[in-house]
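Hi,

Here is the structure I said I would pass on.

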Amino acid sequence: MAEQPINRKTARSGTGRSDRPASGRGTPPVTRETVLAAALEIVDRDGVDGLSMRRLADAVGRDPMVIYRHVPNKAAVLDGVAEVVFAQLSVDVTDPDWMAQLRSVARDFRKLALEHPRAVPLMVTRPLATPLGLRSQAVLRPLEDILALLTRAGFSGADALHVYRVLFGFLSGHVLNELQEIVERPEETDALLRLGLYRLPIGEFPLLRELAPVLAAYDGAAELERGLDILLTGLAENSTGPSR
């Protein structure tokens, strides 16, 4: 019997639907995780405004309809990017020193912000744009773990929730302030900042002019630690929980 010719088109593509490309036999299928990882890379490189469903599809190497199987719209992608970043934040709920653990969480939050500066607006705003009961588990995990840490240390549930809200309110403001010059106005050098402050009328802005060298020498890490000193001490003194 003569050997039948191979239909190369059929052999390549097969008959079933798949997220795999027609070529690249060993390429893994597209998942929600790979889509969101690609979205974070785009945001890191080009900012939130640079992210579109078409660009995301191109980055993944698939037709846009494949992307829509995993994320229904751009809003879901933005929520997912925040989720991916928050998933890297961990809390040791067994740490007996709750102050030290919250400092560690704060430092890790700032580290993530510095690693993904263009994603910071999403970290700060996207969780708040979603009702608490509809937020993803990755976004809710730090809240649950901090509540566990603090209630283990003797705080009431209500006080633990208050601590969480105050801490993350402070952290959100801190990273936005620290990263504003890096992302929004990278051209404003220390010298330019000082020049601008020294041009202010001395009779109207004496303190800003006086503090020009301090403002120009902003140290994000040091500011974080000083803010935590004030914040954590105040929380310990004004709650029903333990001082340490």
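**What turned up**

Phe86, Phe109, Tyr164 and Phe168 form one aromatic cluster. The pairing rule is that rings of Phe, Tyr and Trp (its six-membered ring) have centres within 6.5 Å, with planes under 30 degrees apart called stacked, over 60 edge-to-face and the rest tilted. By that rule the structure holds 4 aromatic pairs. In one of them, the rings of Phe109 and Phe168 have centres 5.6 Å apart and planes at 85°, so the pair is edge-to-face. This pair links distant parts of the chain, with Phe109 in helix 6 and Phe168 in helix 9 (residues 157–183), 59 residues apart. Both Phe109 and Phe168 are buried. For burial I use relative accessible area: under 20% is buried, over 50% exposed, and in between partly exposed (1.4 Å probe, protein chains only).

Before going further, two notes on the ground rules. This is a predicted model, so local features need pLDDT of at least 70 and side-chain atom pairs count only at pLDDT 80 or more, while totals for chains, interfaces and linings use all residues. Residues are numbered from 1 along each chain as its sequence is written, and side-chain values use heavy atoms, with hydrogens and water left out.

**Overall picture**

The protein has 13 helices and 0 strands, counted as DSSP runs numbered from the N terminus (helices are H or I, at least four residues; strands are E, at least two). Of its 244 residues, 35% count as buried. The protein exposes about 14600 Å², and carbon and sulfur atoms supply 55% of that; the areas come from the Shrake-Rupley method with a 1.4 Å probe, and for residues only the protein chains shown count as cover. Among contacts (heavy atoms within 4.5 Å) with a separation of 6 or more, residues 24 or more positions apart account for 66%.

**The core**

Which members of the largest nonpolar core touch the most other members? They are Leu56, Trp98, Leu102, Ile146 and Phe168, out of 58 residues. A core here is a set of buried Ala, Val, Leu, Ile, Met, Phe, Trp, Tyr and Cys residues joined through side-chain atoms within 4.5 Å. Take Ile146: leaving aside neighbours within four places in sequence, Ile146 is in contact with Val91, Leu102, Val105, Tyr164, Leu167 and Phe168.

**Charged residues**

The count of salt bridges comes to 10, where a salt bridge is a side-chain nitrogen of Lys or Arg within 4 Å of a carboxyl oxygen of Asp or Glu.

- Arg103 pairs with Asp229, the closest N and O atoms being 2.2 Å apart. Arg103 lies in helix 6 and Asp229 in helix 13 (residues 220–237), so the pair ties together parts that are 126 residues apart in sequence. Arg103 is buried at 18% relative accessibility, whereas Asp229 is partly exposed at 38%.
- Arg32 and Glu83 meet through their side chains at 3.1 Å, N to O. This pair also links distant parts of the chain: Arg32 is in helix 2 (residues 32–46) and Glu83 in helix 5 (residues 74–86), 51 residues apart. Arg32 is partly exposed at 31%, and Glu83 is buried at 16%.
- Asp145 and Arg141 form a salt bridge at 3.3 Å, N to O. They sit 4 residues apart in helix 8 (residues 137–152), so about one helical turn separates them. Asp145 is buried at 15%, while Arg141 is partly exposed at 42%.

There is also a network of salt bridges that links Arg103, Arg107, Glu225 and Asp229.

Another arginine to look at is Arg110, in helix 6 (residues 98–115). Is Arg110 buried or exposed? Its relative accessible area is 17%, so Arg110 is buried. Setting aside neighbours within four places in sequence, Arg110 is in contact with His174, Val175, Glu178, Gly220, Ala221 and Leu224.

**On the surface**

Phe205, Leu208, Leu211, Val214 and Leu215 form a nonpolar patch with about 410 Å² of accessible area together. Patches take residues with over 30% relative accessible area and no salt bridge, joining like charges within 9 Å and nonpolar side chains (Val, Leu, Ile, Met, Phe, Trp, Tyr) within 5 Å. Val214 belongs to helix 12 (residues 212–216) and counts as exposed at 56% relative accessibility.

Cheers
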